[in-house]
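Visitor: I would like to learn how to read a few features of a protein model, one at a time. Could we look at one together?

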Amino acid sequence: GGGGGGDGDDDSDDNSDDDDDVRNETVFRREVAETFLRCVKHGYAQANAVVELQGLKMAENRTFADIARYVLMTILGLSLPAPRDVTKENAKLYPAKAAENTGELLKGIKERMKQWAPLLTRFLKSEDDQVEMLLTLEEYCAEDEVFRGMGGAHLVPVFAKILHMLYEMDVLSEVSVLAWAEEKGAADEEDKRFLKLAQPFVEWLKDADEEESEGEDESEEESDDDEE
C-alpha cells in the first residue's frame, strides 16, 4: 500500500521498481560484506563480529537472518578471487587466483566455514530463514540479481557438497533442506537446476530419515515386549 510517490502520470512499468530493489539490496549486501571482511581482516572473535553486524542490523532495520545470508555468501566468496566491488584493502583477503580443482576449493571453504559456522547457526535458527538462505545460495551460484559478476558460478559443481558441509556444521537442518527440496520440486524445470545438483544429498537425507524412524519403531516394539 502507501501513497505512490512521483507526479508523472505515466505508469512507469514495475521494472524500474525492481531495478531499485536490486540496487538497494546490492548496497545492503555490500555493506554486510564490508563489515564482515573488516572483522576477518582484524581477526575479530565471533563476539566482536556480532557487535559489528548488530550495528549494521540496527542502522538498516533488517533481520539477523538477512545479514547471515550475505555473510555466508561472503564466506564462500573468500575462497574465490576477489569480486570487483570489494575495496582494495579487503581484496588482499582473497586468493590471487582460482583454486586448481574442486578439492582445493572445498578445502578453502571448509576452513573458513569451521571458523564462522557458529555465527551463522546463531542467526539462522528457523526453518524459513534456512530455506531463504538456500534460495540466496542458488542466486549466488547463478550470479543472479545482487550477485552479478561475483564468480559464484565457480561453486556450481560443488553446490551439493556445500549443502552437506552446512548440514554437518549445524548451519542447515535436515527439515530445512527437505522443505527447500519440496518447494523446488513444484517449480518450473529451469528453476530445478540446483535441486537436481543437490538430489544425491537430498536422497541421502531422506534415506537416513527413514532408517531412523524405522529404528525408532523397532526400539518401541522392543520396549513393549519388555513390559509384557
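Guide: Let us begin with accessibility, where a residue is called buried under 20% relative accessible area, exposed over 50%, and partly exposed in between, using a 1.4 Å probe and protein chains only. This is a predicted model, in which local features need pLDDT of at least 70 and side-chain atom pairs count only at pLDDT 80 or more, while totals for chains, interfaces and linings use all residues. Residues are numbered from 1 along each chain as its sequence is written, and side-chain values use heavy atoms, with hydrogens and water left out. As a case, E52 has a relative accessible area of 25%, and is therefore partly exposed.

Visitor: With which residue does E52 form a salt bridge?

Guide: A salt bridge is a side-chain nitrogen of Lys or Arg within 4 Å of a carboxyl oxygen of Asp or Glu. Here the partner of E52 is R38, and their closest N and O atoms are 2.8 Å apart. Because R38 belongs to helix 1 (residues 14–41) and E52 to helix 2 (residues 46–60), the pair ties together parts that are 14 residues apart in sequence; helices are DSSP runs of H or I with at least four residues, numbered from the N terminus. R38 is also partly exposed, at a relative accessible area of 34%.

Visitor: How many salt bridges does the structure hold, and which residues are linked in a network of them?

Guide: There are 12 salt bridges in the structure, and a network of them links E25, R62, D66 and R69. Another salt bridge joins the side chains of E138 and K184, at 3.2 Å from N to O. Since E138 lies in helix 6 (residues 127–142) and K184 in helix 8 (residues 174–185), this pair ties together parts that are 46 residues apart in sequence. E138 counts as buried at 8% relative accessibility, and K184 counts as buried at 11%.

Visitor: Which residues line the second largest pocket?

Guide: On a 1 Å grid over the protein atoms alone, a pocket is an open set of points where a 1.4 Å probe fits, with protein on both sides within 12 Å along at least five of seven lines, and lining residues have an atom within 4 Å of a point. The lining of the second largest pocket includes D18, E25, R69, Y70 and E139. Helix 1, helix 3 (64–77) and helix 6 each supply at least two residues of this lining. Two of the residues named here, E25 and R69, also belong to the salt-bridge network.
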